[in-house]
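Me: I would like a close look at one part of this model, followed by an account of how that part sits in the whole. Please give the cut-offs behind each term as you go.

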Amino acid sequence: MRIPDLVGAAIVAGLGLFLVREGGSLGFGDPTEPGSGFMFWWIGVAMLVAAAALAGFALAGAPASGPDIHPDGRMSLALACIAALAIYAVALERVGFIPTSAVLLTGLFIYVGGYRPPLAAALGIGGAFASWFLFVKLLSSNLPAGLLAGTMLGN
Amino acid sequence: MDLLGQLGNGFLIALSLDNLFYCFAGVLIGTLVGVLPGIGPIAAMSLLLPATFAIPPTGAVIMLAGIYYGSMYGGSTTAILVRIPGEAASVVTCLDGHEMAKQGRAGAALFVAAIGSFFAGTVALVGLMLLAPVMIAAALAFGPAEYCALMLLGLCLIAYLSQASVLKSLIMAGLGLVLGLIGIDSINALPRLTFDRLELLDGIGLVPVVMGLFGIAEILKNLEQGTDRTVVTAKISRLWLTSADWIASRWAIVRGTLLGFVLGILPGGGAVISSFVSYALERRISKTPERFGKGAIEGVAGPEAANNAAAGSAFIPLMTLGIPPNAVLALLLGALIIHNVPVGPTMITQRPDLFWGVVASMYVGNVMLLVLNLPLIGLWVRCLSVPYGILFPMILLLCCIGVYASSGQIFDLYVMISFGVFGWLVARWGYEPAPLVLGFVLGPMFENNLRKALILSRGSWMTFIERPLSAVFVVASVLILATALVPWINAKRKEMATEE
């Protein structure tokens, strides 16, 4: 029995049920004039069939060996990156591109790259300014100025 | 106007200073992302997509196409020198290419990869040029039923040919279809699955989805699994082949080119599968198969030619039918739509400048790539010495910039992060992101054509069987799914997909 596939089947079945219900409430219509929920309903049904098949294979199959997890506990690096990106997204518009990017890069250089904080800070600030110059000044991209709005480092 | 005349006009467009610059930028960036593991052509293209909004559509497509075929060239460098494929199509090149490098024949391996890629890329372009008008004539017979059935075939094929289980790939494709349909219904103007969020009324953006699945997820995977590199640091000399090498590799290049060209046209096929099939073919027909995996030059020449031929021929269904055969070209289709370029059979008649300009630019780009990949090999090797501790944070920042700049909405950053985490998690349990992206792009077109086909046939599902072309696609789809359920065939399929 493969537990991860069983969990996957349960999630897919849940999604299928949701789509069938949503398809119905959006309006299935009929084949001569399919409604807005027509496709969702059919995809939902297909998902339910797929979930049943996946569950069947999971029950009949040999246990899975599980995902490759690095023995050094590197998963924490990936989780830290996700957390850093989430904080970055929350702060970006309020604080502005240059400060948030400098902090993000510095943190990642320290945690992911293993650089000493002074060097990481120098690289982070440099990277943020270089990116700002490239995208805002050269490519005219619209990045949030935040706290620096109205200064020469704003847009 | 005859074919040569149209190609001549294409060269006039491709050789203009602006387009030469876009072509050079595309192949340069493509080579770079091909060389650097951790960022592939899809991530690079989505990163640059916002930057193309300000340039004319022809220049934009020339640059984005350059990234795609450039990455096919560049991917072989890391595969040979580091044994890390820069992108998925170079996985098999690692096997014999790196062995050759360890034996002091890195120059020969790099040369045969470059020359094979150049030959295959050029042949694929001739094929594209000759086949496109024929395909367009055939496409005039396409109605909604045929388009719908062809898209179904594409989704089935990409699931069948993926390395993951067919069932899991189909689930991902279905999920992609659902995600692609979020937003206002184009026929009834009803909001669908928007959960009262204004940001979702226009649907989920392609850029954050792709950047999340192929950019963020890839970095997270690399961080978790670690990336050890053993770069062959010996000076690369003698970028030339011995006569024995020429004899061994010339037919492998020709076979790889033909194989890649055919597989590249098929929906769901493309560069990755063609390189695997080419390697298996070369080993099977070799009189000394035991040399494979130990530095056989055919094991580099065949797959490299195949993946480049496939990269070229994959443009045929995109530019003639408006149907992308793989995830990378799905992104290119998204770019064409954003630039208001008519996609489908009318593209060549309505925008001949774009079609022939892009075709001609590929010739130019192939020559640029030859120059970039042989004399400048030392430069690319030096790029490999950039520490991942620097590279990964910078790529993450670039992903954030690309996504925010494309829409100006912070919501898209959340979407990107969510899809990054999703892609990272599901990859651990054997689900691939490519079918999701193809489903996502095809979703609205698929639904539109399905509903039109049913309305035109007064609700008869038999329309998909009664129309000959549609019937062929439907039967092929059913056969593919049926064979995937036969245990022996499925075992063989998995063996082929994961061979070596």
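At what angle do helix H2 (residues 17–35) of chain B and helix H4 (residues 57–81) of chain B pack, and how far apart are their axes?

Reply: This is a predicted model, in which local features need pLDDT of at least 70 and side-chain atom pairs count only at pLDDT 80 or more, while totals for chains, interfaces and linings use all residues. Residues are numbered from 1 along each chain as its sequence is written, and chains are lettered from A in the order in which they are written.

Two packed helices are described by the angle between their axes and the distance between the axes. For H2 and H4 of chain B the angle is about 30° and the axes lie 5 Å apart, where axes are lines fitted to C-alpha atoms, for helices over the stretch in contact, and angles run from 0 to 180 degrees between N-to-C directions. H2(B) is therefore roughly parallel to H4(B), a label used for angles under 35 degrees. Their crossing is right-handed, in the sense that the near helix is turned clockwise from the far one by less than a right angle. The residues of this contact comprise 17 nonpolar, 14 polar and one charged; here Ala, Val, Leu, Ile, Met, Phe, Trp, Tyr, Cys and Pro count as nonpolar, Asp, Glu, Lys and Arg as charged, and the others, Gly among them, as polar.

Along its principal axes, the C-alpha trace of chain B spans about 65 × 55 × 45 Å.

Chain B also meets chain A, with 50 residues of chain B in contact with 53 residues of chain A, contact requiring C-beta atoms, placed from the backbone, within 7 Å. H18(B) gives the most to the side of chain B that touches chain A, with 11 residues, and that side has 36 nonpolar, seven polar and seven charged residues.

Chain A itself has five helices and two strands, running α-β-β-α-α-α-α from the N terminus on.

Methods. Helix = DSSP H or I, 4+ residues; strand = E, 2+ residues; numbered from the N terminus. Parallel < 35°, antiparallel > 145°, perpendicular 65-115°, else oblique. Contact = placed C-beta atoms within 7 Å.
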